[in-house]
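Thanks for coming, everyone. Please put the model up on the screen, and I will walk through a few contacts.

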Amino acid sequence: MTAPIKIYGPSFSTFVRSVMMACELKGLAYEVTTEVNGEEVGFHTAGHKAIHPYTKFPVLLTEQGPIAETVAILHYLENAYGGTPLYPTDAFAQAQVEQWSGISGIYVDFDIVRKVLLEFIFPKGEDGSVRMDKVEAALPKVESALAIVAEQLADQPYLCGDDLTAADLILIPIIDYIEKADVGKPRVAEHANLLAYINRIRKEAFAKDILS
C-alpha cells in the first residue's frame, strides 16, 4: 500500500486546503501533519525553516525532499501522479491558469486573508481584541478583490472556463472563509455568480469535507 502524501502545515490554512483539495481530486491518500521525518516540528522554528526558508505553509514532504509553495506543489502533484488534470494542455489556457493562480494567491489573498481574516483569527488588539479599525480600513480592498474575481468568473462555471483548475483550488478557500465571515457575507452576496460558485463548490466531493 502506498504511503499517504504528507502535507506539513495547519489544516485551517487556505493554501494547505488548496493542496488537500488537489489530493482529493486526484484520489490521493494524504495526511496533514506537523511532523517531519517522524519528529514534531513547531511552526516558525528552525526545523520549519529547514523545509521552507520563510517558514510558510504548506510544504509537501516527499522521499526526495521537501517541496515548498502551493503552486510548486500543485505542479508536482500534476506531474508525479496524473489523475484529474489541474492544468490545461493548451499553452495560452495554461498561462491563464498560472495568471489567475498568481492573482488569487498573491493579491486576493493579501487583501482578504492577510488584511482582514487574520485579524479575526489572530487578534492583535489590546487584551487580544480584534482591531476593528484595521478591518474597516481594509474592507474597500476586500470589495475590490471580490469584484475582480466576480468579473473574471462572469457566467463561467470555473475561474478559467469550463473546467476546474489549479487557479480555482487557490481561490476557493479564500472565498469560502470570507463568505462565512460577518464582514464578508454581505459583500460576497453582492456578486450572485461568486456566491453561486462557492455554494456549488461546497457541495462537490473534493471540497465538501475540507470546507465544512
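Tyr 8 has Thr 33 in strand 2 as its bridge partner. This is a predicted model, where local features need pLDDT of at least 70, side-chain atom pairs count only at pLDDT 80 or more, and totals for chains, interfaces and linings use all residues. Residues are numbered from 1 along each chain as its sequence is written, and side-chain values use heavy atoms, with hydrogens and water left out.

Back to the strands. Strand 1 covers residues 5-8 and strand 2 covers residues 30-33. They run parallel, joined by 4 bridges. Two strands pair if DSSP finds at least two bridges between them. Helices (H or I, at least four residues) and strands (E, at least two) are DSSP runs, numbered from the N terminus.

Strand 1 also joins strand 5, residues 59-62, through 3 bridges. That pair runs antiparallel. Lys 6 stands opposite Leu 61 of strand 5.

Now the connection. Strand 1, helix 1 and strand 2 form a right-handed β-α-β unit. Right-handed means that, with the strands pointing away from the viewer, the path from the first strand over the helix to the second runs clockwise.

Next, helix packing. How do the axes of helix 1 and helix 3 cross? At roughly 10°, coming within 10 Å. Axes are lines fitted to C-alpha atoms, for helices over the stretch in contact, and angles run from 0 to 180 degrees between N-to-C directions. Helix 1 and helix 3 are therefore roughly parallel (angles under 35 degrees).

Who meets whom? Helix 1 brings Phe 15, Ser 18, Val 19, Ala 22, Cys 23 and Lys 26. Helix 3 brings Thr 70, Ile 73, Leu 74, Leu 77 and Glu 78. Those contact residues divide into 7 nonpolar, 2 polar and 2 charged. Ala, Val, Leu, Ile, Met, Phe, Trp, Tyr, Cys and Pro count as nonpolar, Asp, Glu, Lys and Arg as charged, and the others, Gly among them, as polar. Contact means heavy atoms within 4.5 Å.

Ser 101 sits in helix 4, residues 91-121. Ser 101 is buried, at 2% relative accessible area (buried means under 20%, with a 1.4 Å probe and protein chains only). Beyond four places in sequence, Ser 101 touches Val 71, Ala 166, Ala 167 and Ile 170.

Arg 202 lies in the loop between helix 8 and helix 9. Is Arg 202 buried or exposed? Buried, with a relative accessible area of 19%. Leaving aside neighbours within four places, its contacts include Asp 176 and Glu 179.

Conventions:
Parallel < 35°, antiparallel > 145°, perpendicular 65-115°, else oblique. Buried < 20%, exposed > 50% of the residue type's maximum accessible area, 1.4 Å probe, protein only.
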